[in-house]
Structure formats: C-alpha cells, structure tokens
Amino acid sequence: MYKYTICFIQRGDQILLLNRQKAPWMGSWNGVGGKIEPGEILIDSIQREITEETGIAPADYDIRDIGEMIWFVNEEYLGGMHLFFAKLPDDYDYPTPRAMDEGILDFKERHWVFDEENTGVVSYLSYIFQHVQDTTTRIKITTKYQGKTLLHISHQPL
C-alpha cells in the first residue's frame, strides 16, 4: 500500500480542485487527498481527507477506487498514491471559491481543466480523466519526470 491518496470530485461538468499553498505542486490545481494514517483502511483515509480538506461528508457523494499512480523523478522511484473519483449530485450546493488550510478550493469547468493552454493544473490530470473516466477497470499509471517536467505517462490494467 502506498502512503498517499488523492480524489477528483465531480459535480456535473465541473471538477472540484485545490490550488495548493505548499509543496508538492504548490500553486497548481489538483485533487484533494493526503497521507494514510497508521492502521487506517484506504476508503476511510480518502473519506477523512475529503472531509478535512473540503467539509463534504461521505454521505454526500459516491466514490470509487480508480487505481494507483507511481512516479519516478530523475529515474528514481519516489513512491505512489491511490486514486479515487467521487461524484456529487449535479445540484449539490457548495459555493466556491473558498479558502481552506491546504489552499483554495474551486469548481472548475472540464473544458477549462483540460484546455491545452492551461499550465495551472497538475501535469497528469487530463491523462487520468482520459483513461479512467468511463471505465470500471482499475489502472496503474506510471509517470516519469525530469525535475518537474513530465516526460512520460502510461498505464496498465490492475
């Protein structure tokens, strides 16, 4: 099991993203998540993180485990994280933007998130949505970076 979790929360055609105030990915829009606590099971960990970072209760969304992602930086394996999608009802009332301890939360329209000119989102985000959005097959994504530049991303079924 990896040490970290991340979730991408959707409401209709929008994705709730966090503009992080600290490393890693400081200043970039990303999902919400964090470290798995000792003895914590995976689903409890991501639900706790969602509640801590957004205030959204587990009863308010459907969640699914979409797989895992590992990363290599300068050819060194640095670990991985468990990936989740959560779906809120289309009419779920959650005004944004809102400042939280981890950064600024905001619902972003999908077309903005995936625009090729958008350099403000984490480099792997569009890949995750392209390859797991409409499938129930869990995948393992492998990313390779040189410094902070994504050189390669691929996946395989789990």
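## Overall dimensions

The protein chain has a radius of gyration of 15 Å, which agrees with the value near 15 Å that a compact globule of 158 residues would have. The model described here is predicted. Along its principal axes, the C-alpha trace spans about 45 × 40 × 30 Å.

Of the 158 residues, 46% count as buried. The chain exposes about 8600 Å², and carbon and sulfur atoms supply 50% of that area.

## Secondary structure and contacts

Three helices and ten strands make up the secondary structure of the protein chain. Read from the N terminus on, the elements follow the order β-β-β-β-α-β-β-β-β-α-α-β-β.

## The largest pocket

The largest pocket holds about 700 Å³ of space. It is lined by 27 residues, of which Pro24, Trp25, Asn30, Trp71 and Met81 are the closest to its centre. By class, this lining comprises 13 nonpolar, seven polar and seven charged residues.

Several elements contribute to the lining. Strand 1 (4–11), strand 4 (32–35), helix 1, strand 5 (62–73), strand 6 (76–88) and strand 9 (139–146) each provide at least two of its residues. Strand 4 gives the largest share, with four residues.

## The second largest pocket

The volume of the second largest pocket is about 170 Å³. Its lining consists of Val113, Phe114, Asp115, Glu116, Asn118, Thr119, Val121, Val122, Ser123 and Ser126. These residues divide into four nonpolar, four polar and two charged.

## Cis peptide bonds

The peptide bond from alanine 23 to proline 24 is cis, with omega near -5 degrees. Proline 24 is placed in the loop between strand 2 (14–20) and strand 3 (29–30), and Pro24 is also among the residues closest to the centre of the largest pocket.

A cis peptide bond also leads from threonine 96 to proline 97, where omega is near 5 degrees. Proline 97 belongs to the loop between strand 6 and strand 7 (98–99).

## Residues with positive phi

Tryptophan 25 is a residue other than glycine with a positive phi, near 65 degrees. Its place is in the loop between strand 2 and strand 3. Because its relative accessibility is 28%, tryptophan 25 counts as partly exposed. Trp25, too, is one of the residues closest to the centre of the largest pocket.

Asparagine 74 likewise has a positive phi, near 50 degrees, and is not a glycine. This residue sits in the loop between strand 5 and strand 6. With a relative accessible area of 43%, asparagine 74 is partly exposed.

## Serine 45

Is serine 45 buried or exposed? Its relative accessible area is 0%, and buried means under 20%, so serine 45 is buried.

Serine 45 lies in helix 1 (residues 42–54). Apart from neighbours within four places in sequence, serine 45 is in contact with Thr5, Lys35, Ile36 and Glu40. Helix 1 itself supplies at least two residues of the lining of the largest pocket.

Technical notes: Residues numbered from 1 in each chain as written. Predicted model: local features only at pLDDT ≥ 70, side-chain atom pairs only at ≥ 80, totals over all residues. Heavy atoms only, no water. Buried < 20%, exposed > 50% of the residue type's maximum accessible area, 1.4 Å probe, protein only. Contact = heavy atoms within 4.5 Å. 1 Å grid on protein atoms, 1.4 Å probe; cavity = no way out; pocket = protein on both sides within 12 Å on 5 of 7 lines; lining within 4 Å. Points joined across faces, edges and corners; volume = space filled by probe spheres on them. Nonpolar A, V, L, I, M, F, W, Y, C, P; charged D, E, K, R; others polar. Rg over C-alpha atoms; globule rule 2.2 N^0.38 Å. Areas by Shrake-Rupley, 256 points an atom, 1.4 Å probe, with all protein chains shown as cover.
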